[in-house]
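Student: Hi! Could you walk me through this protein while I have it open on my screen?
Tutor: Happy to, let's have a look together.

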Amino acid sequence: MTAPYQFLPALTDDEFAALKANIEQRGVIQPVVVDEAGIVIDGHHRARACDELGIDYPRVVLEGMSDDEKVEQALVLNLGRRHLTRDQKRDLVVRLRDAGRTERWIATATGIPKSTVHRYLDPAPNGATLDELAVLEDLIEDGLADIDVNAALLGMTRIELLALFFDHFAGSGIDPKEVVFNILLQLRGDADDFAAYIAEREPVT
């Protein structure tokens with residue numbers, strides 16, 4: 001089935017089987033959204049399940065929309081129903097960028113913050129390893145809690161981990177220095193040490 005407007009990951013086999021069983025028992029409650037050419041904008045899995053079951057399904061036709069508007073509509077409808085993991089969000093961002101969408105467009109269409117979109121598309125600045133980036137993402141999502149624990153896991157000091165965080169967001173459109181200083185002040189210390197540490201490092205390019 002052609003799905004030019006579907007950028008989200010496919011359902012797993014178990015998820016699709018559950019959807020198909022539900023449709024077989026109750027029918028299609030949410031209509032499949034198509035464009036004027038009959039190409040599915042939203043409801044690919046529902047349409048596939050119905051085709052396999054040999055039953056018809058209700059359709060809603062959206063006319064006069066550009067390709068970007070169709071993709072955005074598909075994202076709005078899908079993201080409102082599905083919970084994506086961090087890896088799935090990253091894959092979605094990369095797929096949209098590969099299809100020619102800008103970071104700003106992706107952030108607006110998906111509701112993912114622009115700084116996060118930038119991070120997904122520039123995954124390892126300044127030589128950061130994947131393990132370090134995973135810790136950074138966990139820190140960001142958890143409100144930068146347990147800094148010392150995560151630093152210890154990476155064999156770093158608190159200052160070194162926060163400096164990595166600083167480097168990671170340099171040039172991403174936010175002010176990481178202000179964020180890091182606020183964190184340090186909340187932790188009641190290390191702000192002066194951090195400032196000195198950053199001053200001794202080579203400028204971020």
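Student: Let's start with H2. What covers the buried residues of H2?
Tutor: The cover over them includes helix H1, strand S1 (32-35) and strand S2 (40-42). Keep in mind that this is a predicted model.

Student: Which residues in H2 are buried?
Tutor: His-44, His-45, Arg-46, Ala-47, Ala-49 and Cys-50 are the buried ones in H2.

Student: And what comes after H2?
Tutor: Gly-54 follows H2, and its phi is positive, near 75°.

Student: Okay, new topic: pockets. How much space lies in the largest pocket?
Tutor: The largest pocket holds about 230 Å³ of space.

Student: Which helix gives the most to the lining of the largest pocket?
Tutor: That is H2, with three residues in the lining. Helix H1 (13-26) and helix H2 (44-53) each contribute at least two.

Student: How do the lining residues divide into nonpolar, polar and charged?
Tutor: Two of the lining residues are nonpolar, five are polar and five are charged.

Student: Why does Arg-81 count as partly exposed?
Tutor: Its relative accessibility is 43%, so Arg-81 counts as partly exposed; that class runs between the 20% limit for buried and the 50% limit for exposed.

Student: What does Arg-81 touch?
Tutor: Not counting residues up to four places away in sequence, Arg-81 touches Asp-42 and Arg-46.

Student: Is Val-28 buried or exposed?
Tutor: Val-28 counts as buried, because its relative accessibility is 17%. Its place is in the loop between H1 and S1.

Student: How far apart are the C-alpha atoms of Val-28 and Ile-55?
Tutor: They are separated by 9.8 Å, while along the chain Val-28 and Ile-55 are 27 residues apart.

Student: Let's move on to H4. Which residues in H4 are buried?
Tutor: Leu-92, Val-93 and Leu-96 are buried in H4. They sit on the same side of H4, because they cover an arc of only 95° around the axis.

Student: What do the buried residues of H4 pack against?
Tutor: They pack against helix H3 (67-79), helix H5 (103-110) and helix H6 (114-121).

Student: How far apart are the end C-alpha atoms of H4?
Tutor: They are 18 Å apart. This agrees with expectation, because the 13 residues of H4 (residues 86-98) should span 18 Å at 1.5 Å a residue.

Student: And past H4, where does Ala-99 lie?
Tutor: Ala-99 is in the loop between H4 and H5, and at 37% relative accessibility Ala-99 counts as partly exposed. Ala-99 and Phe-7 are 92 residues apart in sequence, yet 9.6 Å apart in space, C-alpha to C-alpha. Gly-100 also follows H4, with a positive phi near 100°.

Student: Why is H5 largely enclosed by the rest of the structure?
Tutor: Six of the eight residues of H5 are buried, so H5 is largely enclosed. The buried ones are Glu-103, Trp-105, Ile-106, Ala-107, Ala-109 and Thr-110, and what covers them includes H3, H4 and H6. After H5 comes Gly-111, whose phi is positive, near 80°.

Student: Now zoom out for me. How many helices and strands does the protein have?
Tutor: The secondary structure comes to 11 helices and three strands. From the N terminus, the elements run α-β-β-α-β-α-α-α-α-α-α-α-α-α.

Student: Last one: what share of the residues in the protein is buried?
Tutor: Buried residues make up 38% of the 205 residues. As for contacts with a separation of 6 or more, residues 24 or more positions apart account for 63% of them.

Definitions and conventions. Residues are numbered from 1 along each chain as its sequence is written. This is a predicted model: local features need pLDDT of at least 70, side-chain atom pairs count only at pLDDT 80 or more; totals for chains, interfaces and linings use all residues. Side-chain values use heavy atoms; hydrogens and water are left out. On a 1 Å grid over the protein atoms alone, a cavity is a set of points where a 1.4 Å probe fits but cannot get out, and a pocket is an open set with protein on both sides within 12 Å along at least five of seven lines; lining residues have an atom within 4 Å of a point. Grid points are joined across faces, edges and corners, and a volume is the space filled by probe spheres set on the points. Helices (H or I, at least four residues) and strands (E, at least two) are DSSP runs, numbered from the N terminus. Ala, Val, Leu, Ile, Met, Phe, Trp, Tyr, Cys and Pro count as nonpolar, Asp, Glu, Lys and Arg as charged, and the others, Gly among them, as polar. The expected span of a helix is 1.5 Å times one less than its number of residues. Buried means under 20% relative accessible area, exposed over 50%, partly exposed in between (1.4 Å probe, protein chains only). The arc is that of the directions from the helix axis to the C-beta atoms. Contact means heavy atoms within 4.5 Å.
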